[in-house]
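This briefing sets out how two chains are built and how they meet.

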Amino acid sequence: MVQHLDLRDVKGNIMKISSNIENLHQVRDYIRQFSASLAPPLPDEKLDMLELAANEVAANIIRHGYGDDKPGEFKIIIIQEATGISIQFLDQGDPFNRENAILFNPEADEIIDKTGGFGLFIIEEIMDKVTYDQDDLGNNRTQLFLKI
Amino acid sequence: MKIEKTNENDVVIIKIASKMLDVPKVSEFKEAILPLVKNQKKVLFDLDELFFVDSSGCGAILSCIRQVNADDGEIKICNTNKRVRTLFELIRMHKIVDIYNTRQEALDNF
């Protein structure tokens, strides 16, 4: 089960990042650094999935949550849980409405015709659990969970 | 973004000599690559040095595939690492473009 945490109680694995798309690689670096701190580190395949999903979530927050005209920052919290890794993203950009999102459907859509829209599909395909809501402090919260 | 373009027989080989193809790199990639593939009949993308691609990077590669297709050309990909290959298969890119383990294998199949 994914824990819902008050940031004030969490120590250590929190990264704050400004919503500049050039910072996107920092999100991936953070995931890798976290993995390297574990004993043993995450298996490569799992790490790759976490890194990619985190990259996609962060890119969406930066581009769609904030955008060029409303810069801000967001937080990433990584937690090693008993059965897997949880990553929380907390931002104060425009909220994401999952119900209105159009997911790429590989069974129905012709990929050659697609100009985008893969990110959400990728996130939800490679993570074991993905939730979108708001925390008690009014932050938009995206949570990823991957079983390890 | 570093791009290396060579020709072998009548195949234009484009090597993406960059580790990342993510959101910040996509515009630069398209500006560099699309002119190189336009009107080409045989194009091979060598992704040997590419360590990470995200969804936007996939979209950029797709735009190149569309360009080559529109010009009645043929495009193939080679030398993807395991994670890039996994992503391509996840979004079914392997259904529209042949992906080979080695450059020679790709060249032999044009």
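In this predicted model, helix α3 (residues 118-126) of chain A packs against helix α2 (residues 55-70) of chain B at an angle of about 130°, and their axes are 8 Å apart. α3(A) and α2(B) are therefore oblique to each other, and their crossing is right-handed.

**Contact between the chains**

- On the side of α3(A), the residues that meet α2(B) are A:F118, A:G119 and A:I122; their counterparts in α2(B) are B:S55, B:C58 and B:G59.
- By class, the residues of this helix contact are 3 nonpolar, 3 polar and no charged.
- Taken as a whole, the contact between the chains involves 20 residues from chain A and 19 residues from chain B.
- On the side of chain B that touches chain A, the elements that give two or more residues are α1 (23-37), α2 and α3 (82-90) of chain B.
- α2(B) supplies the largest share of that side, with 6 residues.
- The side of chain B that touches chain A is made up of 11 nonpolar, 2 polar and 6 charged residues.

**B:I65, a buried residue of α2(B)**

- B:I65 lies in helix α2 of chain B, the helix that packs against α3(A).
- B:I65 counts as buried because 21 C-beta neighbours lie inside 10 Å, and the cut-off for a buried residue is 20 or more.
- Apart from neighbours within four places in sequence, B:I65 is in contact with B:I75, B:I96 and B:V97 in chain B, and with A:I112 in chain A.
- B:I65 and B:V43 are 22 residues apart in sequence, and their C-alpha atoms are 9.3 Å apart in space.

**Chain B overall**

- Chain B contains 7 strands and 4 helices, which follow the order β-β-β-α-β-β-α-β-α-β-α from the N terminus.
- The C-alpha trace of chain B spans about 30 × 25 × 25 Å along its principal axes.
- Of the 110 residues in chain B, 41% are buried.
- Among contacts in chain B with a separation of 6 or more, 75% are between residues 24 or more positions apart.

**Chain A overall**

- Chain A contains 5 strands and 3 helices, arranged along the sequence as β-α-α-β-β-α-β-β.
- The radius of gyration of chain A is 15 Å, which agrees with the value near 15 Å for a compact globule of 148 residues.
- The C-alpha trace of chain A spans about 45 × 35 × 30 Å along its principal axes.
- Buried residues account for 32% of the 148 residues of chain A.
- Of the contacts in chain A between residues at least 6 apart in sequence, 67% join residues at least 24 apart.

**Helix packing within chain A**

- Helix α1 (residues 24-37) and helix α2 (residues 44-66) of chain A pack at an angle of about 150°, with their axes 9 Å apart.
- The angle is over 145 degrees, and α1(A) and α2(A) are therefore roughly antiparallel to each other.
- The crossing of α1(A) and α2(A) is right-handed.
- α1(A) contributes A:L24, A:V27, A:R28, A:I31, A:R32 and A:S35 to this contact; the residues from α2(A) include A:L47, A:L50, A:E51 and A:I62.
- The contact of α1(A) with α2(A) divides into 9 nonpolar, 2 polar and 3 charged residues.

**Backbone details**

- Most residues other than glycine have a negative phi, and most peptide bonds are trans.
- The peptide bond between A:A39 and A:P40 is cis, with omega about 0°; A:P40 is in the loop between α1 and α2 of chain A.
- B:N39, which is not a glycine, has a positive phi near 65°, and is found in the loop between α1 and β4 (42-46) of chain B.
- B:N39 is exposed, since 11 other C-beta atoms lie within 10 Å.
- B:R92 also has a positive phi, of about 70°, although it is not a glycine; B:R92 is in the loop between α3 and β7 (98-100) of chain B.
- B:R92 counts as partly exposed, with 16 C-beta neighbours inside 10 Å.

Terms used:
Residues numbered from 1 in each chain as written. Chains lettered and ligands numbered in written order. Predicted model: local features only at pLDDT ≥ 70, side-chain atom pairs only at ≥ 80, totals over all residues. Axes fitted to C-alpha atoms, helices over the stretch in contact; angles between N-to-C directions. Parallel < 35°, antiparallel > 145°, perpendicular 65-115°, else oblique. Left-handed = near helix turned anticlockwise from the far one by under 90°. Contact = placed C-beta atoms within 7 Å. Nonpolar A, V, L, I, M, F, W, Y, C, P; charged D, E, K, R; others polar. Buried ≥ 20, exposed ≤ 12 C-beta atoms within 10 Å, placed from the backbone. Rg over C-alpha atoms; globule rule 2.2 N^0.38 Å.
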